[in-house]
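Hi,

Here is the structure I promised to pass on. Have a look at it first, and then read my notes below.

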Amino acid sequence: AGTADGLWVSASLLHLPKAEAEMALRGFYRVLRPGGIMYLSLKEGTGSEWRRESYGHAAPRYFSYWQAAELDGALREAGFDVVEGWRDEAASIWLIRIVVK
């Protein structure tokens with residue numbers, strides 16, 4: 001606890017149901033040292049789904065989609081301060097946040 005200077009959480013939490021993602025956020029908060037920083041990216045949208053294929057192969061994956069206000073609320077509920085946030089529309093719409101403990 002309190003030992004990590006930073007976390008890179010890129011396109012990973014989107015594969016957890018939201019209740020589990022919120023629990024993971026609390027765990028990330030626990031392992032960061034005071035002043036530690038985290039980069040987080042998730043897909044924007046509503047609902048969740050199982051996709052049967054992944055990268056052209058039969059490899060089912062779960063996706064949970066978030067809205068910006070919902071993500072910011074979950075981050076704050078876990079104890080984080082949102083320093084910066086934006087939408088990246090390069091390939092699909094991603095919500096990106098920089099937060100600190």
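**Salt bridges**

Searching the whole structure turns up six salt bridges, where a salt bridge is a side-chain nitrogen of Lys or Arg within 4 Å of a carboxyl oxygen of Asp or Glu. Before the details, keep in mind that this is a predicted model, where local features need pLDDT of at least 70, side-chain atom pairs count only at pLDDT 80 or more, and totals for chains, interfaces and linings use all residues. Residues are numbered from 1 along each chain as its sequence is written, and side-chain values use heavy atoms, with hydrogens and water left out.

One of the salt bridges joins the side chains of R33 and D5, at 2.5 Å from N to O. R33 sits in strand β2 (residues 32–43) and D5 in strand β1 (residues 4–10), so this pair ties together parts that are 28 residues apart in sequence. (Helices, H or I with at least four residues, and strands, E with at least two, are DSSP runs numbered from the N terminus.) R33 is partly exposed, with a relative accessible area of 31%; buried means under 20%, exposed over 50%, and partly exposed in between, using a 1.4 Å probe and protein chains only.

R51 and E49 also meet through their side chains, in a salt bridge of 3.3 Å, N to O. R51 counts as partly exposed at 32% relative accessibility, and E49 is partly exposed too, with a relative accessible area of 33%.

Now find R97 and D72, whose side chains form a salt bridge of 2.6 Å, N to O. R97 belongs to strand β6 and D72 to helix α2 (residues 68–77), so the pair ties together parts that are 25 residues apart in sequence. Are they buried or exposed? R97 counts as buried at 6% relative accessibility, and D72 counts as buried at 15%. There is also a network: salt bridges that share partners join E44, R87 and E89.

**The sheet and its helices**

Four strands make an open sheet with mixed pairing, in the order β1-β2-β6-β5. Two strands pair if DSSP finds at least two bridges between them. β1 and β5 are the edge strands, each pairing on one side only. On average, neighbouring strands of this sheet are turned by 10° against each other, direction ignored. (For angles, axes are lines fitted to C-alpha atoms, for helices over the stretch in contact, and angles run from 0 to 180 degrees between N-to-C directions.)

Helix α1 packs on the sheet and touches β1 and β2, with its direction at about 150° to that of β2. Helix α2 packs on the sheet as well, touching β2, β5 and β6, and its direction makes about 25° with that of β6.

β5 (residues 81–88) and β6 (residues 94–100) pair in the antiparallel sense over seven bridges.

S54 has H57 as its bridge partner in β4. This hairpin has two residues between the strands, and Y55 takes a positive phi near 55° there.

Where is L16? L16 is in the loop between β1 and α1 (18–31). Leaving aside neighbours within four places in sequence, L16 is in contact (heavy atoms within 4.5 Å) with A21, A24, Y62 and S64. L16 and Y62 are 46 residues apart in sequence, and their C-alpha atoms are 7.0 Å apart in space.

Cheers
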